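Here is a short report on side-chain contacts in one protein model. Look over the sequence and the structure before reading on.

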Amino acid sequence: FGMPLRSDILVLQMLKDNLGQRPFYISRSTAGYAQALGLDAYALTQGLVTKIAPTPLTASADTVAVGGLGHVDVARGLALWKSYTFPAALIRRGDWVDRPSASIPALYTVTALALGQALEQQGRAAQAQSIRQQGLDIAEGARITDWFVGAVPASPAPAAGSDAPRGTPIPA
């Protein structure tokens with residue numbers, strides 16, 4: 001983390017002034033900002049945001065520790081996931097506007113994969129697989145499956161006489 005920036009000090013002061021009085025959220029589009037501020041133990045993932053809790057979190061029926069992400073609020077995350085219209089729209093469209101802004105569908109993909117992992121840990125395998133597949137479908141629609149190496153099953157071989165899937169190396 002090193003030397004805090006003025007903006008970090010401002011965020012920490014806002015947190016100090018408001019904790020316990022009103023909810024404090026950090027967008028997950030900031031990547032690991034909550035962790036960079038040293039708030040790992042207080043960070044609760046709820047869909048596309050991280051809610052900062054007033055006390056350190058512990059696992060419970062609806063709060064599951066997910067490796068690499070921290071604690072996930074499964075009930076709230078699932079309710080939010082079902083309310084999002086973006087995934088279905090992107091999957092239907094089958095394309096994303098441009099590569100530089102592809103972090104947006106990537107965040108949805110990561111959210112689906114993390115929620116799927118949390119559901120799996122709760123023993124809800126079918127629901128977990130359905131949400132993970134939606135996340136992978138988003139990545140496919142945005143053409144960013146290469147960002148999720150190991151998370152995406154291999155594409156089936158193309159039929160004889162058809163074109164190879166996008167991104168397939170062409171032998172020299």
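The report covers aromatic pairs, then salt bridges.

## About the model

This is a predicted model, in which local features need pLDDT of at least 70, side-chain atom pairs count only at pLDDT 80 or more, and totals for chains, interfaces and linings use all residues. Residues are numbered from 1 along each chain as its sequence is written, and side-chain values use heavy atoms, with hydrogens and water left out.

## Aromatic pairs

Rings of Phe, Tyr and Trp (its six-membered ring) pair if their centres lie within 6.5 Å. Planes under 30 degrees apart count as stacked, over 60 as edge-to-face and the rest as tilted. The count comes to five aromatic pairs. In one of them, the ring centres of Trp81 and Tyr84 are 5.9 Å apart and the planes stand at 80 degrees, so this pair is edge-to-face. Trp81 and Tyr84 are both buried (under 20% relative accessible area; exposed is over 50%, partly exposed in between, with a 1.4 Å probe and protein chains only).

Trp81 also pairs with Tyr108: the centres are 6.4 Å apart and the planes at 55 degrees, so this pair is tilted. The pair links distant parts of the chain, with Trp81 in helix 3 (residues 74-83) and Tyr108 in helix 5 (residues 103-121), 27 residues apart. Helices here are DSSP runs (H or I, at least four residues), numbered from the N terminus. Tyr108 is buried, like Trp81. Ring pairs join Trp81, Tyr84, Phe86, Trp96 and Tyr108 into a cluster.

Side chains of opposite charge can pair when their charged atoms come close. A salt bridge needs a side-chain nitrogen of Lys or Arg within 4 Å of a carboxyl oxygen of Asp or Glu. There are three salt bridges. One joins Asp95 to Arg143, with the closest N and O atoms 3.4 Å apart. Asp95 sits in the loop between helix 4 (86-93) and helix 5, and Arg143 in the segment after helix 6 (125-142), so the pair ties together parts 48 residues apart in sequence. Asp95 is partly exposed at 32%, and Arg143 is partly exposed at 36%.

Arg99 meets Asp146 in another salt bridge, at 3.0 Å from N to O. Arg99 lies in the loop between helix 4 and helix 5, and Asp146 in the segment after helix 6, so parts 47 residues apart in sequence are tied together.

## A bridge between helices

Glu120 forms a salt bridge with Arg132, and their closest N and O atoms are 3.0 Å apart. Glu120 is in helix 5 and Arg132 in helix 6, so this pair ties together parts twelve residues apart in sequence. Glu120 is partly exposed, with a relative accessible area of 37%.

Key:
Helices (H or I, at least four residues) and strands (E, at least two) are DSSP runs, numbered from the N terminus.
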